[in-house]
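Me: I have a structure open and want to learn how to read it. Can we take helix packing, then domains, then confidence?

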There are 2 protein chains.
Amino acid sequence: MRVTTLSIGDELTHGAILDRHGGWFAGRFDALGCDLVEHRMVGDDRDLIAASIRELAASSDLLVVTGGLGPTADDLTREALADALGESLVLDPEALAALEDRFASRGRVLSESNRRQAHRPEHARSLPNANGTAPGLEARLGDSRIVVLPGPPHEMHPMFESVIASGIEPSADHEATIDINGYGLPESRAAERLGPLLERDRDPLVGIKVSWSILTASVRGTGVEAVARAIERHWHPLAYGRGATTLEEVVGGLLEQQGSTIATAESCTGGLLGGRITEVPGSSGWYGGGVVTYSNECKQQLLGVPAELLERHGAVSEQVAVVMAMEAARRFGADYALSTTGIAGPGGGGEHKPVGTVWIGGCDTTGDHPNAWARRFVFPGDRTWVRDRTVKSALQMLRLHILGFESPLLWEAEQS
Amino acid sequence: MRVTTLSIGDELTHGAILDRHGGWFAGRFDALGCDLVEHRMVGDDRDLIAASIRELAASSDLLVVTGGLGPTADDLTREALADALGESLVLDPEALAALEDRFASRGRVLSESNRRQAHRPEHARSLPNANGTAPGLEARLGDSRIVVLPGPPHEMHPMFESVIASGIEPSADHEATIDINGYGLPESRAAERLGPLLERDRDPLVGIKVSWSILTASVRGTGVEAVARAIERHWHPLAYGRGATTLEEVVGGLLEQQGSTIATAESCTGGLLGGRITEVPGSSGWYGGGVVTYSNECKQQLLGVPAELLERHGAVSEQVAVVMAMEAARRFGADYALSTTGIAGPGGGGEHKPVGTVWIGGCDTTGDHPNAWARRFVFPGDRTWVRDRTVKSALQMLRLHILGFESPLLWEAEQS
């Protein structure tokens, strides 16, 4: 099946928001065994939208359009679809009733601008939207099916699955792409380890990408499972999961299996590590809590880090990271603890401790004696990147510890 | 100047790599005062590329194409450009010499496949590429200028600046777009408040978008400052800043001005609120730390929340939110404190406390007597959305409190 897609919105063509729909459609249609021929992005221009709909519909079996269904005057996709179909807009009574219900259940009255959203081209069909006010639209133009979905991803994605994906029967010989995720290896080394697997004339075809420091190898074609396993061996033990699996899910799963718990003591990450751990539903099963000790006073008062230690070694030091992890484990009665202390920047760096220097501490009380340690990293990137990489390195460090591996991680520095 | 852009590559249409070029072009051309009419993304298909080049060139003064200039057999942009121009490919001696030099300087011999890269359509011009092997191409088709650049961003961006941006004189009357951000108002109400400002035939043109619950009104055209101020009045007091300004920056700025400090006590957000506050460089000036009390035991042990209160009202209650905020302020010696306790889902919801129910507590010790309160919200969306909206609502709540406003916020529920 030949598919085309169209994203609409001035915020996209003016660069205020990155259009991620094209890439998302590409991935989903690839998994469904469909051929995404073309994706377009245009602004809120009624004539241009109508012309694009006509052109794309003429060159595909299915055209998916997103955006421009909102309640405001610059949302023109409904009108443009009607133009493309040569129809006028009519009020859809069911869509209107659904909108009124939605507003009533929230104690609000339907406004005139939201009422616009219940309109559809005469021979189009309204598609219910469980997560927002804008119904979708479905119509036929020539031999092509046109589906229009709202722009916000959390509204669009579920509608895509129910309206589009559920109706596509993957062809018998189509194998779903397998994505293998890893963390802690430079991209160039990750590629070298795969060697000839990356050659472009092979089947299955393997591609590597890096997004927010997470390496992903995508395997598409025939016999993907065997190649996926080979990649997991080559990246061992830094490959941590497939598909949408996150590091925090993997760590949570290990803790749940063991019936263990974890506590956190965060300085430079300011709560992000706890935030990441609790992103996983059910994390109350392994995470009781943590402290954010951003200032030195807090480190002393909440965790009992000795003032003398802070003075002698500085807050960003192996000693302080170790005490933070030990005290977090002790005070929360947790089996494991992770601590972070570092210089996220932009200020605060020095010759011996440049911006990006982070100590990540760990503590394991599951053995006969509590065992605490810390590892030093020098992360590249700005404040946001340093903090994100700290969180990911801490989770990978705990995962490797629990599994019994001692692998150095990317950006880990010699002990100093 | 009307501009169109085209990204080429099977890795884009198959979803292996996210096409970021469209968004990048959108931002750069907006800053240069050019009108990006349309961006397209197609795979490595010679006929489709040629057809897209012809169509886009016909509808714009400048067409920028990226990708498909590599040395391998699936790189077909050179051939497709020649097709679109109705010309054949010839070897460019200067481009070939530059390629041979590049390879020689690395001790490598030019391969036959790399030699292909020195070809250009007869009347096109080769553009030197300082950061890679693929030269760019420049040609005219009708009234349109076509520039073809290599796909890798670190090769494409410098060539864009030297070949394209440097030649564009921003028109004297070009005013930079102003973005006004707000939080806590539904999009439909935000639009109604702007009324005729949103009409499509006006100058300046105003558009509204919502990204992760943040409202942004973009004002582009002539006389943008006066209209931006009008929007800030209409959204008052929920408009909090312009451009890339974040809520956490605004709250941090207010605290810094006052010389005040803040502490946090988080349950359902698990550390995300502290993480957000410390995203701002210099936040150690107003944030000492916080606690993440995810379990009831932690709420009792770290914050002294009475067991009786937890039993009688439940952890997700006004009473518990108030005590958490008060105790955080007291234990950290902070002027203000924020607390969160709620049901982020997917499990844990009930009839009276559905998933999305969150109490946000506040405490202000700057007056003669400490003042603590809590507000109830029922946030729509999944776990990630509920937690993100909790953090933003807490920050907006504190901002309004410090400024002395008492505005209800979106998703705030009647007290029960």
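**Reading the model**

Reply: Helix 3 (residues 46-58) of chain B packs against helix 4 (residues 77-85) of chain B at an angle of about 50°, and their axes are 8 Å apart. This is a predicted model.

Me: Which two values describe a pair of packed helices?

Reply: The angle between the axes and the distance between the axes. Here, the angle makes helix 3 of chain B oblique to helix 4 of chain B.

Me: What is the handedness of the crossing of helix 3 of chain B and helix 4 of chain B?

Reply: Right-handed. On helix 3 of chain B, the contact is made by B:Arg46, B:Ile49, B:Ala50, B:Ile53 and B:Arg54. Helix 4 of chain B brings B:Thr77, B:Glu79, B:Ala80, B:Leu81, B:Asp83 and B:Ala84. By class, this contact of helix 3 with helix 4 of chain B has six nonpolar, four charged and one polar residues.

Me: Now the domains. Where does the assignment place them in chain A?

Reply: Domain 1 spans 2-167, domain 2 spans 178-242 and domain 3 spans 247-403. The centres of domain 2 and domain 3 of chain A, taken over C-alpha atoms, are 29 Å apart.

Me: How many residues of domain 2 of chain A are in contact with domain 3 of chain A?

Reply: Seven, and they meet nine residues of domain 3 of chain A. The domain 2 side of that contact has four nonpolar, three polar and no charged residues.

Me: Why look at pLDDT?

Reply: Where pLDDT is low, predicted coordinates should not be read in detail. For chain A, the mean pLDDT is 93, and 99% of residues reach 70 or more. The model scores ipTM 0.81 and pTM 0.81.

Note on methods:
Residues are numbered from 1 along each chain as its sequence is written. Chains are lettered from A and ligands numbered from 1 in the order in which they are written. This is a predicted model: local features need pLDDT of at least 70, side-chain atom pairs count only at pLDDT 80 or more; totals for chains, interfaces and linings use all residues. Axes are lines fitted to C-alpha atoms, for helices over the stretch in contact, and angles run from 0 to 180 degrees between N-to-C directions. Helices (H or I, at least four residues) and strands (E, at least two) are DSSP runs, numbered from the N terminus. Angles under 35 degrees count as roughly parallel, over 145 as roughly antiparallel, 65 to 115 as roughly perpendicular and the rest as oblique. A crossing is left-handed if the near helix is turned anticlockwise from the far one by less than a right angle, and right-handed if clockwise. Two residues are in contact if their C-beta atoms, placed from the backbone, lie within 7 Å. Ala, Val, Leu, Ile, Met, Phe, Trp, Tyr, Cys and Pro count as nonpolar, Asp, Glu, Lys and Arg as charged, and the others, Gly among them, as polar. Domain bounds come from an automatic or database domain assignment. pLDDT is the predictor's confidence in each residue, from 0 to 100.
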